[in-house]
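Here are a few friendly notes to read alongside the model. Please keep the coordinates open as you go through the points.

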Amino acid sequence: GGGVSIKAAFVLSVYLSIEAIHRELMAAWAAACSVAATADEEDRWAIVDPLLVQVTQAIDSLPAARAVYFRSVVVPTTSGTAREFLLGAKNALNTYRVGSLVLWRGAAAVTDKPEVAEACSLAHPKGVTVIFKIRRAVSARRVSSFTAAPELGEALFPPCSFFRVMSLHELHDSAVRRGCEEGGRWDLDAAPPPVSLTWEQAGRQKRILVVLSEEERSSVPDFI
């Protein structure tokens, strides 16, 4: 990426390409934001904290890129439905109820290509499939030039990014792609979002689309 230091480019490449490091840092960010982290989790966080700082600084050195982004996750639940996932944990800022504020603790990877998120959701058939559609992003950074597969359109949100839950929908291709123009813009007038699910309906789903809008960090109370 033009204007990015060699050190930042190297740090981002390592974070994005080595799964073990990515997984360890994501766990450390979660522990750092937790009010109930175990002693072992705090110890692991302390060990990797210098690398956490370097990755955060590398992300912050990139320009923000506003677009519609997508993130696919597969979550195992006891019920086999989305209920436990949507409910989240007490005081964890991860309850996906319409209007709720949620916190993504680590530097979460997303894509500006809906077809990539759809393909990822199908790659892991076991568990509840969730695709997040971030229709308003203010802090995401494009990092595809630091990856082995730039065609995937990868971007990162900085650690401790906040989002507002806008709506919940059944997961199908037209719902994921609706409102997305070429280049990642969001056109609300051309294609209104599909019919929303109620909280009860959403909890019964095995595949769900969660529409989010990123909140400006300055407008969020200091939770952490």
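Predicted model: local features only at pLDDT ≥ 70, side-chain atom pairs only at ≥ 80, totals over all residues.

1. Tyr69 pairs with Phe157 in an edge-to-face arrangement, with 6.0 Å centre to centre and 80° between the planes. Tyr69 belongs to strand 1 (residues 69-75), while Phe157 sits in the loop between strand 6 (154-156) and strand 7 (161-170), so the pair ties together parts that are 88 residues apart in sequence.

2. Phe157 is buried too, at 0% relative accessibility. Its ring also pairs with that of Phe163: the centres are 5.1 Å apart and the planes lie at 85°, so this pair is edge-to-face. Phe163 is likewise buried, with 0% relative accessibility.

3. Which residues form one aromatic cluster? They are Tyr69, Phe85, Tyr96, Trp104, Phe132, Phe157 and Phe163. The count of aromatic pairs comes to nine.

4. Two arginines are worth a look. The charged end of Arg71 is placed over the ring of Trp104, 4.6 Å from its centre, and Arg97 lies over the face of Trp199, at 3.8 Å from the ring centre.

5. Now to the helices. The axes of helix 2 (residues 19-33) and helix 3 (residues 39-60) come within 8 Å, crossing at roughly 110°; the two helices are therefore roughly perpendicular to each other. Residues in this contact include Leu25, Ala28 and Trp29 from helix 2, and Trp45, Val48 and Leu52 from helix 3. The contact residues divide into 11 nonpolar, one polar and three charged.

Note on methods:
Residues numbered from 1 in each chain as written. Heavy atoms only, no water. Axes fitted to C-alpha atoms, helices over the stretch in contact; angles between N-to-C directions. Helix = DSSP H or I, 4+ residues; strand = E, 2+ residues; numbered from the N terminus. Parallel < 35°, antiparallel > 145°, perpendicular 65-115°, else oblique. Contact = heavy atoms within 4.5 Å. Nonpolar A, V, L, I, M, F, W, Y, C, P; charged D, E, K, R; others polar. Phe/Tyr/Trp six-rings, centres within 6.5 Å; stacked < 30°, edge-to-face > 60°. Buried < 20%, exposed > 50% of the residue type's maximum accessible area, 1.4 Å probe, protein only. Lys NZ or Arg CZ within 6 Å of the ring centre and 35° of its normal.
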